[in-house]
Amino acid sequence: MSGGSGWYDTEWPIAFPGFMAFAQSDHEIGYVDGRFRAAYLLSAGSWYAKPMIDFDATHIRLDTVKESGAGGVGLNVRGNEETVLSASPALELGAQFGGPNGTLVRPYIRGGAAFFDDPDFVLLASFEGGSFRVATSTDDVVADISAGIDVIGADGASFRFYYDGWLRLDFAP
């Protein structure tokens with residue numbers, strides 16, 4: 001489980017011929033994520049292969065935002081909540097080597113993909129004169145790549161150097 005919450009204030013000038021104002025607003029956003037991982041370790045000496053799959057459920061909440069100080073051109077955004085489900089199969093390949101003074105060195109690489117059920121997040125916004133829809137989409141499928149090295153000292157101290165990233169996969173014709 002993981003989660004977070006943030007809040008921030010904005011202020012920006014709005015200028016039209018014959019009109020000048022500063023719009024101000026407060027924003028709050030939060031999320032909660034739950035992950036379940038199933039994995040199996042296949043070892044051959046100092047080398048291993050680890051097929052795995054992660055299942056995630058992420059709930060995102062954006063509170064209502066109402067700008068003040070700008071009259072009829074102040075922006076109002078209706079809050080929204082969405083839950084996104086994903087499945088991420090992957091394969092990790094790595095090794096474990098003994099180093100000096102009982103130190104363990106574990107290099108690894110991992111590749112997989114994340115599949116999302118609903119990558120759209122929609123907000124409704126309005127000015128005093130009318131409303132509009134803001135839709136944000138992410139990709140349905142992204143590649144998930146990782147590589148790194150763990151160094152574990154005989155005293156239990158550890159160091160990890162790694163890269164985790166996603167690459168866009170475009171399956172459109």
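In this predicted model, the side chains of S25 and H27 are joined by a polar contact of 3.0 Å. A further polar contact, of 2.7 Å, is made between the side chain of S25 and that of T10. S25 belongs to strand 2, which covers residues 19-39. With a relative accessible area of 4%, S25 is buried, because that value is under 20%. When neighbours within four places in sequence are set aside, the residues in contact with S25 are Y8, D9, T10, V65, K66 and E67.

K66, one of these contacts of S25, stands opposite N76 in strand 6. Strand 5 and strand 6, the latter formed by residues 76-78, are paired in the antiparallel sense over two bridges. Both belong to an open sheet of four strands in the order 5-6-10-11, with antiparallel pairing. The edges of this sheet are strand 5 (65-66) and strand 11 (130-137), each of which pairs on one side only.

Strand 9 (residues 104-116) pairs with strand 7 in the antiparallel sense over seven bridges, and A87 has F115 in strand 9 as its bridge partner. Strand 8 (residues 97-98) runs antiparallel to strand 9 and is joined to it by two bridges; here G98 stands opposite L104. Strands 8 and 9 form a hairpin with five residues between them, and N101 in the turn has a positive phi of about 60 degrees. Strand 9 also pairs with strand 12 (residues 141-152), in the antiparallel sense and over 12 bridges. In that pairing, L104 has I152 in strand 12 as its bridge partner.

On the surface, L91, L93 and I109 form a nonpolar patch with about 260 Å² of accessible area together. Of these residues, L93 lies in strand 7 (residues 80-95) and is partly exposed, at a relative accessible area of 39%.

F55 is found in strand 4 (residues 47-62). Its relative accessibility of 40% places F55 in the partly exposed class. Apart from neighbours within four places in sequence, F55 is in contact with G34, R35, F36, S86 and A87. The C-alpha atoms of F55 and A147 are 21 Å apart, the two residues being separated by 92 residues along the chain.

The count of salt bridges comes to seven. One of them is formed by D54 and R35, with the closest N and O atoms 3.7 Å apart. Because D54 lies in strand 4 and R35 in strand 2, this pair ties together parts that are 19 residues apart in sequence. D54 is buried, with a relative accessible area of 7%, whereas R35 is exposed at 51% relative accessibility. R35 and D54 are also members of a network of salt bridges that links R35, R37, D54 and D56.

E92 takes part in two salt bridges, one with K50 and one with R110. In the bridge between K50 and E92, the closest N and O atoms are 3.8 Å apart. This pair links distant parts of the chain, with K50 in strand 4 and E92 in strand 7, 42 residues apart. K50 is partly exposed at 24% relative accessibility, and E92 is buried, with a relative accessible area of 5%. The N to O distance in the salt bridge between E92 and R110 is 2.6 Å. E92 lies in strand 7 and R110 in strand 9, so this pair ties together parts that are 18 residues apart in sequence.

Key: Residues numbered from 1 in each chain as written. Predicted model: local features only at pLDDT ≥ 70, side-chain atom pairs only at ≥ 80, totals over all residues. Heavy atoms only, no water. Buried < 20%, exposed > 50% of the residue type's maximum accessible area, 1.4 Å probe, protein only. Polar contact = N/O pair within 3.5 Å; in protein donor to acceptor, adjacent residues only side chain to side chain. Contact = heavy atoms within 4.5 Å. Patch = residues over 30% accessible without salt bridge, like charges linked within 9 Å, V, L, I, M, F, W, Y side chains within 5 Å. Areas by Shrake-Rupley, 256 points an atom, 1.4 Å probe, with all protein chains shown as cover. Salt bridge = Lys/Arg side-chain N within 4 Å of Asp/Glu carboxyl O. Pairing = 2+ DSSP bridges.
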